[in-house]
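Hello,

Here is the structure I said I would pass on to you. Have a look at it first, and then read my notes below.

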Amino acid sequence: MASTSNADVSHPVVFTTQTAYPLPSQKFMIPASWRRYQLSQLVNKALSLEKPVPFDFLVRGEILRTTLGEWCAEKGIGEEETLEIEYIESVMPPQKMSSLPHEDWVSCVSCQEPNYFFTASYDGNIRIFDYAQSLLQTIPVHEAPSTSLTVIPSNANSDTRLIASASHDLTARLTQITLSTGPTASARTLASLHLHTAPLTSITSNSSGSYLLTASNDGLIGFWDTSIPTTDEVALEEGTERKKRRKVGEDQDTRPKRKAPLNVLKSHTARVSKAIFVKSDNKTAVSAGFDSTVRTWDTENGVCTNTITASSKPFLDIAELPSGQSVLAASTDRTVCQYDLRAAESATTASVTTLHHSATPSCIATSPSQSPSSSEHQIITGAYDGVVRLWDLRSTKSAVTSFKVWEARTGGRKVLSVDWTRGVVGIGGEGGVEVWRVGEGDRLVPS
Amino acid sequence: MAATEAGRSSRKRKTAVEEPLNTESTFPQNVGLEMESDAEGDDEGAASDDGEVDEFPEIDTRSDTEDEDYESNSEDEEEEDEEEDEEDQEETESEEDDDLHIFPKAKTVVSDITGQPKRVYPPIEPDYDSDSSTEDAPNRVGDIPMHWYDDLPHVGYDMNGRKVLRPARGDELDKFLETIDDPNSWTAAFDKKAQMDKPLSSEELDLIRRLQENENPDEQYDPYEPTVEWFTGKGKEEVMPLSSAPEPKRRWVPSKWEKQKVMKIVRAIRQGRIVPNKPRTTDDQSRFYPIWNEEPSNQPAPLPAPKPRLPTHAESYNPPEEYLPTEEERKAWEETEKEDRDRDFLPQKYSALRLVPAYNQFIQERFSRQLDLYLAPRIQRTKLRIDPNSLIPKLPSPNSLKPFPVYRSLTVSHEKGRARCISVSPDGIWVASGDESGSVSLWETIVGKVVKKWKFKGKIGAVEWCPRTDVCFLVVTIEEQLHFLIPPNLPVAILKATQALLAPANMPPPPAVPSPVKWVSTSAAASTSDSPILTVSLPSGSGLPKQLAWHKRGDYLATVASGEGQGGVWIHQLSRRHSQAPFKKIKGSVQLVLFHPTKPHFFVATQRYVRMYNLAEQKLLKTLMPGIKWISSMDVHPLGDHLIVGGYDRKLCWFDLELSDKPYKILRIVGARKMVDWTSPTVITGEADVFGKLIFSLFGLYVWEIFQTSDFDWSIITGKRKFVWPLILSVICPDRLDYLSFGDNADRLHCTVYIRLLQVTGNLAILTASTSLMIRTIALWERQIRIVIPLCVLCLAHWVILCRGMFIVHAVYSPETKSCIVTFTDHVFLNVGFFATMGFDFIILCFTVTALWKQRTHSDLWRLLFQDGLMYFCLTFFCNAVPAILNVINLNPLMNVIATIPAATVSTIASCRLVMRLQEFNQTKADVYVHSSQVLTNNNGTRGGPIRLAKRQTMSPAPQVMVTTDRIVVENYTPTSIGSAKTARKMMMDLEAMKEYSDTEYDRESYVAGS
């Protein structure tokens, strides 16, 4: 091999993959001037795929963005060294699909229900949009800003859904809605959950829709079931009675029933930002709070079974990875850390992976479980600078791709919530809601 | 050496005998053989026994035999005697003829036996000093036992070696017969050597007789000699004979004076004035001490001399080949400095040790070694081996200093007014902020979402949350009022407690003394979170409370208002709904107040000091002096023993309250200094402002100058002076600068015209100034053609360049700054213009200096002239250099031209003055200069007074006397002036009266008095 010029320099390369397109393990001599595109073509030709599949290439935990030679020169890797390159199916550049304008900030967006978007806004309303960007319903559930909502999954095929929403007014509410575009659309608040003495920060349900978890600024986590009580379980406070009565009216039946928690999880010493159920186990919950801890709970007994303590990382959001073994937690020191739930309890637990952001990450969405295995490493984070980033946990140095929402306005506008299902990412925040298409192109939902 | 000398001398003696005498006389002169000649002379001296001996007694002492020893022992004496020996030499030479007879003269006779001629010396005649010549004993056998000769017929040998025959001896009978025959025979004695009886002489007999009679054997000895009177006798009496007086009494009586002295000492000892024994001090006690008990000295032991390095193969005289330097190494070694060489020799190879030359560096090495020892004594030097990194203070890792702000997490904006105050709720969830437009926002800390807004009239002075946790409200101050607000969405229990606190159902009893502060609260039932539940109205005129300070327990609240009276400090108690002013009067304006968290102490910060009061005892505890010019902030540690005070002068003082009233530590904020951004519009606007003001001030200066020199113009206009064409320049110069100020009020639409005009006039000023200076130079050179022509050519080129440069500046009117803004300048061409001006000025400066230098010999006024004239030239040159330099730097379009106007003004003034001097120079043929700089410096202490300059020219009809005077009249209006009188007085100062003395002497004093 006469390497007379730089262009002729070749690197010995071994390709590995976890995708469905494995190459025979064999050493390739790759010219240093090759980029992702040539490598992707090489894999496609070597496998003689009928339909070209674009690939991205991970070299030592980094996605190759320059030529191979430049990468090696930057890292100081000699041309004799054999590189192990892992290739993954590349993510298509995100595309903006639609924008759902709101008058106030959107604190939470949910696109778990196919064909619908549910948003909770700081004006206390819950809004329902369909994919045609048309506003179906505006439900004034709360008088105070609502901070979180979740659509309780139900097995029934009917159009009625139960929505749980949390608010600054110290309650969470269960609202029954009827999903239809016609005039039959209706909403009725069935119950209000009374436990907390500080604004609620999140409400989540388990995958079967039987239980709810609320987290609040008072450091408590409430564990509730989704059944609607027939009578008030919590007595009405004297000071608010008159107001409630005036607001709700004299109809005692339509007034939401006051519901008490099944259990109260007390262990956090500061505000709790979010509490979620572990997907595999309906009885186990994970929560993160401003006391820099990630706690695992046995919800039935109401005890904290495991505590992961980080050092000065007030956590803002937590999400479970599809693998079920670890959680991601976003903290105000501008990192998103991955913690292994199985780790033994110790003074300070080092994170498995740390993703550095340039602004405070406020929300995390893991890839939907329906996605193929290749994307189980991908997560989406939204940050206060208005940038939504798509990460691959195998490449932690930088985000795979990122895009800025609400470009029309100058300055960063905070992203407060992201939700990712079926290639659709709903982004809620300061500028309303935007819907982007992220993921495989052929799996896109027609809009 | 002695042997060789002896040999030489003997040889010499032979040659001296054999050689003819003439050679002998020349011999000692041609070679330095003084030794030989010396020895020869000695011999001669020893051999000869003439009258010369007396003159050289030292020679006389040397015998022949001693000569060798003498020479070998005392060479020094030889050298000392050299000169004398030379004198000997000459004298002995002169005596040679007489001395020759001392040697036995050899006669050459023909031998009888061999028939050959032989040298025969005459027999030695025994002389006085010849040894053994006094005896004529024939037998020479010496002192041997004579019985050796008993059997032989002879008894010994005589002097010539002949046998001395035994004399015939008779038998006993013959002896007897002889005694009978000779009566004297008994006086004979047997001579052993002669083996015969020899008759004794009469002297011998006499000697024998004396010995027998025990008499002195010496015949001459007289035992009865007459007495020689040495000490006695007539005239030899002793003058001072020993006294036989009896011993005086004092010899044996104890001395009275000694006793007195002893008694004095004894008395002193008794009285203790003299301590008999030296008092035992600690030194005496420690006279015996264990010598190893001391701590070993910290001083290092004296440094041993450094050991010389052992020689290696390279130092060998015959090193292996690999040690020999190559040609390049040798060259490099030779080229390096001696101090920089890594070794001070080059290995050299010699096949044998005997071929090694002398060490050529020996002297140098020894000398440098001596220098080392002399100049650098071997003391231990503590070398400063400091790692420069260790000098850098160890900064803590940033991680250990966390938390500190590293990035801006979120922004909450108040659109309408500037946010002036902020407060975080005790639980940290909410933040309240107030702005100048009167709105108070409540927003979430972590999200930054404003959830509630209150609107008030007027500025918000301060916002503070109540530090209690069982109730939740915040206090907002506006002008003369305090509003208590309850945030929304409170839990019912807290809400009720808050309402009960702020709007109690049962009002507490009003205080005995009615307070001017009104507490008004809405009822708890009617209260909402939209309006304040409680309003506290301060007395009118108290102004806006700019600070709120809560006590830690949340019952007391202190406000500092900016208004008049009581320092504006009020302390409000919530539970009693009562307000009081703690201070009747307080020194200075109160900036901040603060409650001590645990004790009933109260901190009050005025502009400079922090005072600490005890509220319970109502007294001042201490005054802390932070040393800050203006205190801006203050806080106390939650435990209450530390206080930090911040100031507007970037200082932070940390007080430990239990220690002194001086700061325990002062921390300073060191900010990075920023370079000016020359292209930013704000900077350019500021420059434009400066530019306009500069033009105005220069215009004022110029008007003053015109006024001052107006008589010159007037004299031209009225024709008093003869008009010469160069004067037109000096008339033009002042007039066109007037446009500068008119232009400033120019119509805003004609901005470009204005700037053009500015540029035209500026360039014209520079041109005329330079040309005036040139004319001056030409005048100094007395209009020599070789000077005039090149200067005129240069001047023309200068004119062309500057005339082109009048039209390169562009400007537009900026409505924001209400002035013209220079938008574009062709700075390359500006450069050309400025450097042309600079160069031209420099050239004429050089010419002037040269001309002045030439005139130096015949002008007494040269010094004055030099200073005065050259000052203007230099001024012009440097003034033009400033805009040129600014232009090269090219900061922005305005900075390129900002210095042109001052340059033009100064150079115009300078050149005009020069031209006027030139005019006088032409008229009077004498240089008379007035130092305008003295005008300002001469008035002692009356700088502020108005200065009126009166200038008068006096022209004398006599052609010889020229007097020009400048007089300055200073009217001193300051009646409090120390030296002068109470009344204003006029000071007249004769600045300068330069006179050219000729036949008539001018009396200056009388002139001053007369005027």
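A residue counts as buried here when its relative accessible area is under 20%. By that cut-off, 34% of the 1011 residues of chain B are buried. Please keep in mind that this is a predicted model.

Staying with chain B for a moment, its secondary structure comes to 27 helices and 32 strands. If you take the contacts in chain B between residues at least 6 apart in sequence, 50% of them join residues at least 24 apart.

Now to the interface. On the chain B side, 19 residues are in contact with 24 residues of chain A. Three residues of chain B, namely Tyr407(B), Ile446(B) and Lys449(B), provide 31% of the area that chain B buries against chain A, more than any other three residues. The size of an interface is often given as the accessible area lost when the parts come together. For chain B and chain A that area is about 1800 Å², with 60% of it coming from carbon and sulfur atoms.

Which residue of chain A forms a salt bridge with Lys449(B)? The partner is Asp104(A), and the closest N and O atoms of the pair are 2.3 Å apart. The count of salt bridges between the two chains is one. In the side of chain B that touches chain A, 11 residues are nonpolar, five are polar and three are charged. There are also eight residue pairs in polar contact across the interface of chain B and chain A.

Strand β9 (residues 439-444) and strand β10 (residues 450-455) of chain B run antiparallel and are joined by five bridges. Within this pairing, Val440(B) stands opposite Trp454(B). Five residues lie between the strands of the hairpin, and Gly448(B) there takes a positive phi near 85°.

Further along chain B, His572(B) sits in strand β18 (residues 569-573). Is His572(B) buried or exposed? With a relative accessible area of 1%, His572(B) is buried. Its side chain makes a polar contact of 2.6 Å with the side chain of Ser579(B). Leaving aside neighbours within four places in sequence, the residues in contact with His572(B) include Leu482(B), Val517(B), Trp519(B), Asp555(B), Tyr556(B) and His578(B).

Over in chain A, five strands make an open sheet with mixed pairing, in the order β2-β1-β5-β3-β4. Strands β2 (27-31) and β4 (62-63) of chain A stand at the edges with a single partner strand each, so one side of each has no neighbour in the sheet. Strand β3 (residues 55-59) of chain A pairs with β4(A) in the antiparallel sense over two bridges. In that pair, Leu58(A) is opposite Ile63(A).

Asn282(A) is partly exposed, with a relative accessible area of 25%. Which residues does Asn282(A) touch, not counting those up to four places away in sequence? They are Asn206(A), Ser207(A), Ser208(A) and Phe277(A). Asn282(A) and Ser208(A) are 74 residues apart along the chain, while their C-alpha atoms are separated by 7.7 Å.

Happy to talk any of this through with you.

Best wishes

Methods: Residues are numbered from 1 along each chain as its sequence is written. Chains are lettered from A and ligands numbered from 1 in the order in which they are written. This is a predicted model: local features need pLDDT of at least 70, side-chain atom pairs count only at pLDDT 80 or more; totals for chains, interfaces and linings use all residues. Side-chain values use heavy atoms; hydrogens and water are left out. Contact means heavy atoms within 4.5 Å. Buried area is the accessible area (1.4 Å probe) that two parts lose on being put together, summed over both. A salt bridge is a side-chain nitrogen of Lys or Arg within 4 Å of a carboxyl oxygen of Asp or Glu. A polar contact is a pair of N or O atoms within 3.5 Å; within protein, one must be able to donate a hydrogen and the other to accept it, and residues adjacent in sequence count only if both atoms are side-chain atoms. Ala, Val, Leu, Ile, Met, Phe, Trp, Tyr, Cys and Pro count as nonpolar, Asp, Glu, Lys and Arg as charged, and the others, Gly among them, as polar. Two strands pair if DSSP finds at least two bridges between them. Helices (H or I, at least four residues) and strands (E, at least two) are DSSP runs, numbered from the N terminus. Buried means under 20% relative accessible area, exposed over 50%, partly exposed in between (1.4 Å probe, protein chains only).
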